[in-house]
Every structure is written in structure tokens, then in C-alpha cells.
Amino acid sequence: MQSVELHAHSSLSYDGRDPVELLLEQASAVGLDALAVTDHDEIDASLRAAELAPEYGLVGIPGMEVTCAAGHVLALGIQEAIPPHLPFEETLDRIRDQGGLAVVPHPFQESRHGVLEHISKAELATADAIEVYNSRLLTGRSNRQAERFARRNGLPMTAGSDAHIAEMVGQAVTNVGTDERTADAILDAIRQGETTVEGKRTPWRISFRQAAGGAKRRVKNGIAELLQ
């Protein structure tokens, strides 16, 4: 059994704060076996994290959080960035073309780019797995909806901290049923549904800091683009 963080952001994300080294340190400190850094529409930091992971006693899983036309999709086990704003179906195809795993995070949270605002439940059911526990929850209702949907459709289930600062890595964990410590073995086991999930809510003060920090960075980046 491998304990895996599948949803975390580094400073390369527009709303992330910390370098991958701090994310890796946290993952190691809380006893995880593997970490996927999933920046928004960026992959370079994730590739670096996967390269550095063995130095921290971890398996590194390369990936990213793709902003497709319908919303967010986690692309795990890829080596090249998936372009943003493609249709949902094409985004999944591109992930699979690289041998990757397409996981839909927080699908029922429309305010956070959940895909169900723009696609049908039948289309959602074509994903490889569903994130059924996301730590950045308000009431937990959307997580429960995601779990019911995954169970009803026989889809593998994952959890993710959706960490935007290092100290939140490991808030939500996917326990993966494999003894082999490689990214490929972990992703294959997820495809087979060999998972259980556990997690706890991101504290409100942390959620507020993450949201405020992301808004500040978006304004700063917008001003920088205007001045170019």
C-alpha cells in the first residue's frame, strides 16, 4: 500500500506559493510515499519534483492540472504539457496518448472550475478516476456527490489536498494498493480501482491565505502583462 498526494501546487501555479523542494520536504515529513505536483497549466516544476523525489525518499509522479474548456482535469503520469482550453474529450485523449491518467478533481464544485457546469454526467463518467475528497471544502456536500457518482459508475476514487502552500501537503491522501514503488505501478493500481481515500478539511485560515495570495498574484501578473 502506497500513501500518495495527487493534488498539490508549487509556486509555478499562479496561485501557489512554495518551491517544489518545500512540497517534497512536507510530503516526506508526514510519511507519504509519493507526490504529484499538479500546477495549473504548467508542468516544468512537476517534472523537477519527480526528478528530485528520490532524494526525499519519495516516488515522484509528474503531472499538471489542465484548464480544459469544461474546467479542471488532473493529468497524471505525463511528460509534456497538455494545452489548455481544449474540449473535455480531447483533453482526456491527449492525456491518454501520453500514457497518462485523467482524474477529474472537484467535479461538482462549479465555483472552482468543476467540469459539470459544462459537460454531462455521462461525459464525466468517461474519466479514468474521480477525486472524491478534496480538502478545500466548504460543507463537504460536493465531495459526497463526487463519491456517490464514482460508486454509481464504477469509477476509481482518489483524494487530493489541493495544497497551494507546502504545509497543506498530505491533508488528503489516496492509499493505493501496490507494493511497487514506481509512478507507473501507482497509476496502474489507481486505474484498477485499488484505492481508498482519507482526508481532513483545510483550515479556514489556510484557505483564506491561499485565496488571498492567489488573488494578489493574479493582480500582480495582470499589471506586469499590461506593462510589457
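Reader: How many bridges join strand 5 to strand 6, and do they run parallel or antiparallel?

Author: First, a caution: this is a predicted model. In it, strand 5 and strand 6 are joined by 3 bridges and run antiparallel.

Reader: What do strand 4 and strand 5 form, and how many residues are between them?

Author: They form a hairpin, with 4 residues between the two strands. Gly71 is in the turn and has a positive phi of about 150°.

Reader: Is strand 5 enclosed or open?

Author: Strand 5 is largely enclosed by the rest of the structure, because 5 of its 5 residues are buried.

Reader: Which way do its side chains point?

Author: From strand 5, His72, Leu74 and Leu76 point one way, while Val73 and Ala75 point the other way. In general, the side chains of a regular strand alternate between the two faces of the sheet.

Reader: OK, new topic. Which residues have the most contacts inside the largest nonpolar core?

Author: Phe88, Leu124 and Ile130 do, in a core of 27 residues. Several elements supply at least two residues each, including strand 5 (72–76), helix 3 (88–97) and helix 5 (141–153).

Reader: What does Leu124 touch?

Author: Setting aside residues up to four places away in sequence, Leu124 touches Phe88, Val104, Pro107, Val115, Leu116, Ile119, Ile130, Phe149 and Leu155.

Reader: What else is there in the way of cores?

Author: There is a second, separate core of 19 residues. Among them are Leu23, Leu32, Ile165 and Val173.

Reader: You mentioned Phe149. Which residue does Phe149 form an aromatic pair with?

Author: Phe108. The pair is edge-to-face, with 6.3 Å centre to centre and 65° between the planes. The structure holds 1 aromatic pair.

Reader: Where do Phe108 and Phe149 sit in the chain?

Author: Phe108 is in the loop between strand 6 and helix 4 (121–124), and Phe149 is in helix 5. The two are 41 residues apart, and the pair links distant parts of the chain.

Reader: Why does Phe108 count as buried?

Author: Buried means under 20% relative accessible area. Phe108 has 18% relative accessibility, so it counts as buried. Phe149 counts as buried too, at 3%.

Reader: How do strand 1 and strand 9 run?

Author: Antiparallel, and 3 bridges join them. Gln2 has Val176 in strand 9 as its bridge partner.

Reader: Last topic, phi. What is the phi of Asp41?

Author: Asp41 has a positive phi of about 55°, although it is not a glycine. The residue is in the loop between strand 2 and helix 2 (44–52), and at 26% relative accessibility Asp41 counts as partly exposed.

Reader: And His106: what is its phi, and is it buried or exposed?

Author: His106 has a positive phi of about 30° and is not a glycine either. It is found in the loop between strand 6 and helix 4. At 4% relative accessibility, His106 counts as buried.

Reader: What follows helix 6?

Author: Gly193, with a positive phi near 80°. Within helix 6 (residues 183–191), the buried residues are Ala183, Ala185, Ile186, Leu187, Ala189 and Ile190.

Note on methods
Residues are numbered from 1 along each chain as its sequence is written. This is a predicted model: local features need pLDDT of at least 70, side-chain atom pairs count only at pLDDT 80 or more; totals for chains, interfaces and linings use all residues. Side-chain values use heavy atoms; hydrogens and water are left out. A nonpolar core is a set of buried Ala, Val, Leu, Ile, Met, Phe, Trp, Tyr and Cys residues joined through side-chain atoms within 4.5 Å. Buried means under 20% relative accessible area, exposed over 50%, partly exposed in between (1.4 Å probe, protein chains only). Contact means heavy atoms within 4.5 Å. Rings of Phe, Tyr and Trp (its six-membered ring) pair if their centres lie within 6.5 Å; planes under 30 degrees apart count as stacked, over 60 as edge-to-face and the rest as tilted. Two strands pair if DSSP finds at least two bridges between them.
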